[in-house]
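The report below is meant to be read alongside the sequence and the coordinates.

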Protein chains: 2
Amino acid sequence: MIVKKIKHKEDLRSVILEAAKKLFVQEGYEATSIRKIAKEIGFSPTTIYLYYKDKNDIVYALHQVGFGILKERFFPLMAVENPFERLKALGKLYIQFAFANPEYYQVMFMMKEPLSFLNSQKENNEWIEGELVIEFLKNTVIECQTKGYFKEMDPVAVTIHAWAAVHGLVSLHVTQHLDCIKDVFENIDTMEEIVYNSFQVLVDLMNSSK
Amino acid sequence: MIVKKIKHKEDLRSVILEAAKKLFVQEGYEATSIRKIAKEIGFSPTTIYLYYKDKNDIVYALHQVGFGILKERFFPLMAVENPFERLKALGKLYIQFAFANPEYYQVMFMMKEPLSFLNSQKENNEWIEGELVIEFLKNTVIECQTKGYFKEMDPVAVTIHAWAAVHGLVSLHVTQHLDCIKDVFENIDTMEEIVYNSFQVLVDLMNSSK
DNA sequence: TAAACTACTTAACACTGTTAAGTAGTTTTG
DNA sequence: CAAAACTACTTAACAGTGTTAAGTAGTTTA
């Protein structure tokens with residue numbers, strides 16, 4: 001379990017983050033304590049505080065790792081010409097990301113801690129990671145409007161709605177609230193099917209706005 | 001701070017819940033510890049465990065209190081004849097509830113703990129509180145379909161979508177993720193306005209499905 | 001009167017995040 | 001070259017968390 005100490009003065013900050021990532025993905029947020037991270041890398045818990053301000057600082061770093069993965073996935077979508085196809089692909093990918101990386105999704109979009117860390121920093125208290133994603137979504141929505149979608153609607157409100165619709169879906173899944181009401185689904189499908197059927201409703205409704 | 005001990009053998013279980021409610025609403029979930037609840041009612045922390053199995057048991061009880069408030073608000077809506085008007089009113093009330101009772105909203109729809117408690121109970125592992133609300137929503141959706149809304153759509157998928165859309169909106173607000181991207185809104189409105197504008201998009205899209 | 005039961009408490013376990021103070025080992029400086 | 005300063009880390013502790021085993025008054029039953 002315990003990784004042997006790092007010689008050659010590697011950047012311990014990134015070694016800590018790597019250990020945090022491992023524990024976080026394997027055991028979840030709850031089980032990722034400062035003491036366990038320290039044990040994992042073979043240092044005392046207080047050493048962590050020489051490289052990260054507090055635990056929120058670490059979960060903010062994890063949240064950034066998550067956004068790195070998400071942006072990597074979103075990048076190829078910039079090539080999709082048709083804005084509505086791009087919008088649909090964005091939604092699908094967002095859902096896929098949440099299903100594939102539920103722990104990262106939680107830290108990115110469901111937990112206050114990373115944002116608390118941002119607010120604790122005097123300068124740079126902007127959530128650039130989130131704003132970048134929403135800006136990309138907004139531009140796609142505006143482009144869709146030039147093609148006749150979302151007639152006479154406020155593009156910002158449409159953007160927030162689109163985000164909220166997929167976020168609501170995946171967050172209800174991640175917290176297991178969807179599983180708990182599966183009795184209302186006559187034919188019990190997989191959770192993924194239910195989520196995608198529901199996403200299809202969003203797409204169909206958006207289509208009917210043309 | 002410390003309430004004098006209860007004589008006359010009142011039901012201590014409800015006294016504990018009352019203290020938990022007070023701390024929970026005033027200080028939030030994080031600050032509501034077993035030890036603080038015990039101090040509040042003037043008993044030792046272990047006494048709590050004679051009336052509640054564990055902390056999840058208490059947050060499940062709080063979650064039930066929340067559903068009590070929500071159901072009370074939903075009740076008058078059963079009288080609304082027009083199903084689409086009822087659907088809109090349901091959404092509006094749901095959002096209002098979340099804004100007025102963010103702590104209860106979290107415990108009802110955003111936290112795993114109450115559901116974990118349900119799963120820890122051998123019998124009765126159904127989330128009846130949630131199912132009741134969703135069933136009410138589903139029936140309204142089905143009724144809307146008889147009036148020409150949601151043509152050729154799966155009513156269950158529409159129900160989940162409607163729920164997810166409003167849940168996504170209010171949960172992004174509660175976790176302060178919406179506040180953090182307020183730079184994308186040109187005219188910085190109140191959070192309530194932004195949420196209602198976004199809700200209006202849902203209503204407009206649903207209207208265009210007729 | 002003695003046993004049993006009720007309602008509660010004390011003390012402890014095993015954790016958590018976090019900080020003050022201290023300590024080797026290296027580097028810089030007079 | 002020795003003394004001061006700095007680097008990188010550790011030990012010990014604080015104040016808190018949920019939770020459980022064991023014990024103790026006071027009441028009730030036998």
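## The surfaces facing the DNA

In this predicted model, 15 residues lie around DNA strand D, and those that come nearest are A:Ser44, A:Thr46, B:Ser33, B:Asp54 and B:Lys55. Two or more residues of this surface come from each of H3 of chain A, helix H2 (34-41) of chain B and H3 of chain B. Sorted by class, the surface near DNA strand D holds six nonpolar, five polar and four charged residues.

Around DNA strand C there are likewise 15 residues, of which A:Ser33, A:Asp54, A:Lys55, B:Ser44 and B:Thr46 come nearest. The elements that give two or more residues here are helix H2 (34-41) and helix H3 (45-48) of chain A, together with helix H3 (45-51) of chain B. The surface near DNA strand C divides into six nonpolar, five polar and four charged residues.

## How the two protein chains are related

Chain B is superposed on chain A by a rotation of 180° with 0.0 Å of shift along the axis, and the RMSD of that superposition is 0.0 Å. This is the relation of a two-fold axis.

Through which surfaces do the copies meet? Of the interface residues of chain B, 100% are also interface residues in chain A, so the copies meet through the same surface. In this interface, 44 residues of chain B are in contact with 44 residues of chain A. On the side of chain B that touches chain A, at least two residues are supplied by each of helix H8 (128-146), helix H9 (155-174) and helix H10 (191-207) of chain B, and the largest share, 12 residues, comes from H9(B). By class, that side of chain B comprises 23 nonpolar, 13 polar and eight charged residues.

## Fold and confidence of chain A

Taken along the principal axes, the C-alpha atoms of chain A fill a box of roughly 60 × 45 × 30 Å. Of the 210 residues in chain A, 40% count as buried. Among contacts between residues at least 6 apart in the sequence of chain A, 63% join residues that are at least 24 apart.

The mean pLDDT of chain A is 93, and 95% of its residues reach 70 or more. Residues 1-9 of chain A call for caution: pLDDT stays under 50 over this segment, for which the model has nine contacts beyond four places in sequence.

## The nonpolar core

Nonpolar side chains tend to be buried together in soluble globular proteins. In this model the largest nonpolar core has 120 residues, and those with the most contacts inside it are A:Val166, A:Leu169, B:Val166 and B:Leu169.

The surroundings of A:Leu169 can be listed individually. Residues up to four places away in sequence not being counted, A:Leu169 touches A:Ile95, A:Val195, A:Ser198 and A:Phe199, and also B:Ala164 of the partner chain.

## The loop between H8 and H9 of chain B

B:Phe150 lies in the loop between H8 and H9 of chain B and has a positive phi of about 55° although it is not a glycine. B:Glu152 lies in the loop between H8 and H9 of chain B as well, and its phi, near 55°, is again a positive value in a residue other than glycine.

Which of these two residues is buried, and which is exposed? B:Phe150 is buried, because 24 other C-beta atoms lie within 10 Å and the cut-off is 20 or more. B:Glu152, by contrast, is exposed, because it has 7 other C-beta atoms within 10 Å, where 12 or fewer is the limit.

B:Pro155 is found in helix H9 of chain B and is partly exposed, with 17 other C-beta atoms within 10 Å. B:Pro155 and B:Phe199 are 44 residues apart in sequence, and their C-alpha atoms are 19 Å apart in space.

Conventions
Residues numbered from 1 in each chain as written. Chains lettered and ligands numbered in written order. Predicted model: local features only at pLDDT ≥ 70, side-chain atom pairs only at ≥ 80, totals over all residues. Contact = placed C-beta atoms within 7 Å. Near = placed C-beta within 6 Å. Helix = DSSP H or I, 4+ residues; strand = E, 2+ residues; numbered from the N terminus. Nonpolar A, V, L, I, M, F, W, Y, C, P; charged D, E, K, R; others polar. Least-squares fit on C-alpha atoms with pLDDT ≥ 70 in both. pLDDT = per-residue confidence, 0-100. Core = buried A, V, L, I, M, F, W, Y, C linked by C-beta atoms within 7 Å.
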